[in-house]
Structure formats: structure tokens, C-alpha cells
Amino acid sequence: MMATMAIIELERNSGKVVEEIVKLERKIFPKHESLASFFHNELKKKNSGLLYLHVDGELAGYVMYSWPSSLYASITKLAVKEQWRKQGHGEALLKAAIEKCRTRKISRILLHVDPLRTPALNLYKKHGFQVDCLVDGYYSSDRNAYRMYLDFDSI
Ligand SMILES: CC(C)(COP(=O)(O)OP(=O)(O)OC[C@H]1O[C@@H](n2cnc3c(N)ncnc32)[C@H](O)[C@@H]1OP(=O)(O)O)[C@@H](O)C(=O)NCCC(=O)NCCS
């Protein structure tokens, strides 16, 4: 039977979903890269949003974004549960987040990604993101990040 898939926007009061996402975040990301401990604060901010993916009613992935000002938006997190990878879900989540950011009247999306995260880097490149610069020690003293950007007038 085909799996039922849905990308859902997080509601402010869905505490149970947030707990599940925090658990997944802890599992996927090393401590210094994990938002787990301040996920709730991040979500309380007015200018942030989160979309999550349900496959057959189970949490399978999420994408978090924010628009700190009218200048730009930022994709702050993207993750798909290991057993659901390589099936287009990451791409679907990224596309949905880009569409959300588009509604905010900003012209650029920025993000940071560890150059060693090849799947993520390829996914962003596939969607038109370009490497802007290398930020030394972004995640920790020995882990750098690429800063990437996507300009809306260029797509
Ligand atoms: C990055 C991530 C979200 C991709 O999710 P996914 O559902 O597996 O991705 P998709 O199936 O939608 O793949 C889309 C594109 O991503 C790239 N990609 C995905 N997996 C890849 C892999 N193992 N190797 C190389 N490129 C890969 C490809 O460009 C792919 O397009 P293609 O299928 O046309 O080649 C997932 O690997 C993940 O959660 N990784 C750990 C967390 C992470 O690194 N997050 C990003 C930093 S915040």
C-alpha cells in the first residue's frame, strides 16, 4: 500500500509534536549543532516557522526557517529521519520552506551548511543555492560552514 504523506505547518500549541522533533534533532545532530536545548525559544520567536513531514501519521522530517528582517530569510534546520532518506522528502520539505519564505517579501534566503554534509550540500545546490563563503569555526572550533544563498530574482 502507498504511504500517506503530508507536510504540515507547526501550530504554536502543538507541544507533543515539538517533543518528537526535539528527540529526532538530538538523534541526528551532534550536540554543538543541535537546536534541541533551545528549540522552544526558537519557535516562540515571531518570525520563525517550522514545517514537518508525516508519513503514515509518523514524524519523518522537518524544516525550520526564519525571517529576521525584511532583508532575508534563513533556513535554520532541515532533517529527514534516516529510514526515510533518498525518497525526495528532503527536497519536498526544502521546496515548501522556500515557498513559505517567498511569501515574506524578502528577496534572498541564506543558510549555513557543514561542507562535509554532502547530501545536504547537493540538495541545496540542486535548488539553486550558491556558496557565498566559508565561515571558519562556525559550528565548533574545528567545524566550518559554507554560507549559501538563493536570490529570488535569479530563479
Ligand atoms: C539532507 C537530507 C535532509 C536530505 O534528505 P533526503 O530526503 O534524503 O533527500 P532527497 O531524497 O530529497 O534528495 C534530494 C537531493 O539531495 C541530494 N542527496 C540526497 N542524499 C544524498 C546522498 N546520500 N549523497 C549525495 N547527494 C544526496 C541529491 O542532490 C538529491 O537529488 P537527486 O536524488 O536528484 O540526486 C538528509 O540527508 C538528512 O537529514 N541529513 C542529516 C541532517 C543534515 O545534514 N541536515 C542539513 C544540515 S541542517
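Two residues count as in contact when their C-beta atoms, placed from the backbone, lie within 7 Å. With that in hand, look at helix α4, which lies across β4, β5 (108-113) and β7 (143-151) and runs at about 165 degrees to β5. Axes here are lines fitted to C-alpha atoms, for helices over the stretch in contact, and angles go from 0 to 180 degrees between N-to-C directions. Helices (H or I, at least four residues) and strands (E, at least two) are DSSP runs numbered from the N terminus.

A word on the ground rules. This is a predicted model, where local features need pLDDT of at least 70, side-chain atom pairs count only at pLDDT 80 or more, and totals for chains, interfaces and linings use all residues. Residue numbers start from 1 along each chain as its sequence is written.

**Overall build**

The chain has 4 helices and 7 strands, in the order β-α-α-β-β-β-α-β-α-β-β from the N terminus on. Its radius of gyration is 15 Å, close to the 15 Å that the globule rule gives for 155 residues, so the chain is as compact as a globular protein of that length. (The radius is taken over C-alpha atoms, and the rule is 2.2 Å times the number of residues to the power 0.38.) Along its principal axes, the C-alpha trace spans about 40 × 35 × 35 Å.

An unreviewed UniProt entry lists residues 8-153 as "domain: N-acetyltransferase"; UniProt positions use the numbering here, feature names are shortened, and such annotations may be inferred rather than shown by experiment. That span is 29% helix and 36% strand, with its end C-alpha atoms 27 Å apart.

**The sheet**

The 7 strands make an open sheet with mixed pairing, ordered β1-β2-β3-β4-β5-β7-β6. Strands pair if DSSP finds at least two bridges between them. At the edges stand β1 (5-9) and β6 (130-140), each with a single partner strand, so one side of each has no neighbour in the sheet. From one strand to the next, the twist averages 25 degrees.

| β1 and β2 | 5 bridges | Ala-6 and His-54 |

The hairpin of β3 and β4 has 6 residues between them.

Helix α1 (residues 15-28) lies across β2 (48-55), β3 and β4, at about 85 degrees to β3.

**Around the ligand**

Which residues come nearest to the ligand? Of the 20 around it, they are Arg-85, Gly-90, Glu-91, Pro-119 and Leu-123; a residue is near if its C-beta atom, placed from the backbone, lies within 6 Å. Elements giving two or more residues to this shell are β4 (73-80), α3 (89-102) and α4 (118-126). The largest share, 6 residues, comes from α4.

By class, the shell has 8 nonpolar, 6 polar and 6 charged residues. Ala, Val, Leu, Ile, Met, Phe, Trp, Tyr, Cys and Pro count as nonpolar, Asp, Glu, Lys and Arg as charged, and the others, Gly among them, as polar.
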